[in-house]
Amino acid sequence: MPFHSNVLAAIGNTPLIRLKRASEETGCTILGKAEFLNPGQSVKDRAALFIVKDAIAKGKLQPGGVIVEGTAGNTGIGLSVVANALGFRTVIVIPETQSVEKKDALRLLSAELIEVPAVPYRDPNNYVKISGRLAEELAKSDPNGAIWANQFDNTANRQAHIETTSQEIWAQTEGRVDGFVAAVGTGGTLAGTAIGLKEKNSAIRTAAADPLGAAVYSWIKTGELKAHGGSITEGIGQNRVTANLEGAPIDDAYEISDEEMLPIVFDLMQHEGLCLGGSSGINVAGAIRMAKEMGPGHTIVTILCDYGTRYQSKLFNPEFLRAKNLPIPPWLGNKSSTIT
Ligand code: PMP
């Protein structure tokens with residue numbers, strides 16, 4: 001096909017890229033799915049497209065209607081891309097702790113942005129719950145209708161990965177994939193891709209890569225939701241079993257600290273030209289752990305979730321990292337290299 005009829009057709013079908021150092025270190029083939037190449041620059045474009053298509057098919061959205069969502073940013077960006085292409089509006093509720101770059105991208109895309117304090121899910125003023133109530137109110141007042149995308153518990157999210165991500169990985173590896181690792185925000189990517197891959201071959205090993213401070217690791221390892229520690233990563237870290245995670249065939253989990261993640265992100269940038277966010281680093285760290293457990297010769301796939309410039313003010317900001325006592329990119333932190 002010489003051209004796409006609109007931007008929506010450019011979502012998905014992302015390349016798999018061999019990660020050189022991770023592969024050499026483990027003797028495996030470690031492949032990253034380049035989700036940062038989606039039009040909204042993250043893996044969440046896939047879920048956004050499926051959620052909106054599902055709502056349209058069910059007659060819940062009319063032209064000019066509103067899509068409301070609570071999001072750490074990327075789902076809001078994906079929804080805004082899809083909404084703009086199809087003639088809807090977006091109202092996005094975001095915790096104020098999220099990066100300024102993601103908020104700017106949302107404003108740029110003409111989303112109506114509502115910043116709220118970051119409070120735990122059990123609090124009625126959690127961003128997800130606020131977005132649900134707001135959608136209900138707008139559905140009553142907006143003549144064109146309003147939907148709550150509800151990415152955490154709307155399984156159109158994981159359906160996107162059952163129907164697209166897992167099928168692409170299977171085809172791109174010619175069925176030679178041995179393992180799949182992904183971090184969990186909603187769980188849509190991990191659960192949907194795991195379901196799709198296991199349908200092809202039930203021996204494919206699946207695992208969550210979890211940042212400290214999230215409870216998915218302990219849930220998979222022991223069946224109990226327990227969290228400890230904290231992480232600077234955004235968009236991941238879940239403390240409950242979402243509808244998207246429910247019943248997913250996940251074999252294992254790895255717990256990854258910021259200290260383990262950051263050097264991987266910096267290394268991929270400096271030595272492989274891959275500019276990525278923190279959750280991609282968590283994923284690659286998880287893939288390396290799985291590769292070491294499985295031994296040389298295996299093919300492990302993971303997700304390169306979003307583009308690094310989305311976190312320039314945090315992950316790649318020496319002051320921010322220094323204040324948290326975290327590693328600093330050598331080429332940014334070494335002031336003596338500046339020519340005076
Ligand atoms: N990485 C980033 C940067 C994200 O924004 C998200 C989604 N919030 C994820 C990973 C996790 O994806 P999922 O919601 O499918 O678990």
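This is a predicted model: local features need pLDDT of at least 70, side-chain atom pairs count only at pLDDT 80 or more; totals for chains, interfaces and linings use all residues.
I found that domain 1 (7-37 + 165-324) and domain 2 (43-148) both give residues to the shell, so it lies between them.

**Entry 1: the ligand shell**

I looked up the 20 residues around the ligand and noted that Gly-185, Thr-186, Thr-189, Gly-235 and Ser-279 come nearest. I then sorted the shell by class and recorded 7 nonpolar, 11 polar and 2 charged residues. Turning to the helices, I saw that helix H3 (74-86) and helix H7 (188-200) each supply at least two residues of the shell. The largest share, 3 residues, comes from H7.

**Entry 2: the annotated span**

I consulted the UniProt record, an unreviewed entry, which places the feature "domain: Tryptophan synthase beta chain-like PALP" at residues 9-306. For this span I noted 43% helix and 17% strand. The C-alpha atoms at the ends of residues 9-306 lie 19 Å apart.

**Entry 3: the sheet**

I traced an open sheet of 6 strands and wrote down the order S1-S2-S10-S7-S8-S9, with mixed pairing. Strand S1 (16-18) and strand S9 (252-256) are the edge strands, as each pairs on one side only. From one strand to the next, the twist averages 25°.

Strand S2 (residues 29-34) and strand S10 (residues 299-304) run parallel and are joined by 6 bridges. Across this pair, Ile-30 of the model stands opposite Ile-300 in S10.

**Entry 4: Phe-50**

I located Phe-50 in helix H2 (residues 44-57). Is Phe-50 buried or exposed? I counted 25 other C-beta atoms within 10 Å, so Phe-50 is buried.

**Entry 5: two residues with positive phi**

I checked Gln-41, which is not a glycine, and found a positive phi of about 65°. Gln-41 is in the loop between S2 and H2. Gln-41 has 23 other C-beta atoms within 10 Å and is therefore buried, the threshold being 20 or more.

I then checked Asn-325, also a residue other than glycine, whose phi is positive and near 60°. Asn-325 is found in the loop between helix H11 (318-323) and helix H12 (330-333). Why does Asn-325 count as exposed? Asn-325 has 8 C-beta neighbours inside 10 Å, and a residue with 12 or fewer is exposed.

Key: Residues are numbered from 1 along each chain as its sequence is written. UniProt positions are given in the numbering used here, feature names are shortened, and annotations may be inferred rather than shown by experiment. Helices (H or I, at least four residues) and strands (E, at least two) are DSSP runs, numbered from the N terminus. Two strands pair if DSSP finds at least two bridges between them. Axes are lines fitted to C-alpha atoms, for helices over the stretch in contact, and angles run from 0 to 180 degrees between N-to-C directions. A residue is near a molecule or strand if its C-beta atom, placed from the backbone, lies within 6 Å of it. Ala, Val, Leu, Ile, Met, Phe, Trp, Tyr, Cys and Pro count as nonpolar, Asp, Glu, Lys and Arg as charged, and the others, Gly among them, as polar. Domain bounds come from an automatic or database domain assignment.
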